[in-house]
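Here is a brief report on selected local features of one model. Please look at the sequence and structure first.

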Amino acid sequence: MTSKKMFRRGWFCALLGILLFSSSTAFSQRYATNYVNKYKPVAIRIMNEKGIPASVILGIAMLESGMGTSKNARLLYNHFGIVGRNSLHKKKGVAYRSRYKEFANAEASFNYFANMVTRKKWFSSMKGNVEYKLWLKHMNHAGYSSAGHEWVKRVTSMINRYKLYKLDEQMAYTGG
């Protein structure tokens, strides 16, 4: 093979690699955009009812559910990795077993998560506060995730990458 052919082949492979990478990035971006658009109204409603920033709600849900693509999100409507009972073993044709809680729908999962957070000791000092990093710090110290600081970094990355903090500007919580 001549050096000219090798050079062309190298460029072709590089171009193909760039195209594949950019298409997978666009695919991921599309999932994120669809997920945010679908659950943004629920997160904003919960934010205004409970005082939990929508960025925190959506950031955690996006990470824990793989933007709605995980088996737990699809089969159990569990978007937050909440452990509990489910009835998968009773369903015909489902070979998947899980230790995660089953919900009637995704919105029920979001509501359960919000109610769970409101029962934490530190919640009263945080409600209405839009500093998502402080919320994640409290949740981490309360043991929300076994991944610890790595979990905080991943959720923070989701919030920043998709500019979820902009949703917190709509906070209308008055402390009721």
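The side chain of Asn-86 reaches the backbone oxygen of Ser-98 at 2.8 Å. The model is predicted.

Asn-86 sits in the loop between helix H3 (71-76) and helix H4 (106-118). Is Asn-86 buried or exposed? Its relative accessible area is 16%. The cut-off for buried is under 20%, so Asn-86 counts as buried. Leaving out residues up to four places away in sequence, Asn-86 touches Leu-76, Ser-98, Arg-99, Tyr-100 and Glu-102.

Ile-44 belongs to helix H1 (residues 3-50). Ile-44 is buried, at a relative accessible area of 15%.

Which residues does Ile-44 touch, beyond those up to four places away in sequence? They are Ala-54, Leu-167 and Gln-170. Ala-54 is 10 residues from Ile-44 in sequence, and the C-alpha to C-alpha separation is 5.5 Å.

## H2 against H6

Two packed helices are described by the angle between their axes and the distance between the axes. For helix H2 (residues 54-65) and helix H6 (residues 132-141), the axes come within 9 Å and cross at roughly 55 degrees. H2 is therefore oblique to H6. The crossing is right-handed.

H2 contributes Ser-55, Val-56 and Ile-60 to the contact. H6 contributes Tyr-132, Trp-135, Leu-136 and Met-139. By class, the contact has six nonpolar residues, one polar and no charged ones.

Methods: Residues numbered from 1 in each chain as written. Predicted model: local features only at pLDDT ≥ 70, side-chain atom pairs only at ≥ 80, totals over all residues. Heavy atoms only, no water. Helix = DSSP H or I, 4+ residues; strand = E, 2+ residues; numbered from the N terminus. Buried < 20%, exposed > 50% of the residue type's maximum accessible area, 1.4 Å probe, protein only. Contact = heavy atoms within 4.5 Å. Axes fitted to C-alpha atoms, helices over the stretch in contact; angles between N-to-C directions. Parallel < 35°, antiparallel > 145°, perpendicular 65-115°, else oblique. Left-handed = near helix turned anticlockwise from the far one by under 90°. Nonpolar A, V, L, I, M, F, W, Y, C, P; charged D, E, K, R; others polar. Polar contact = N/O pair within 3.5 Å; in protein donor to acceptor, adjacent residues only side chain to side chain.
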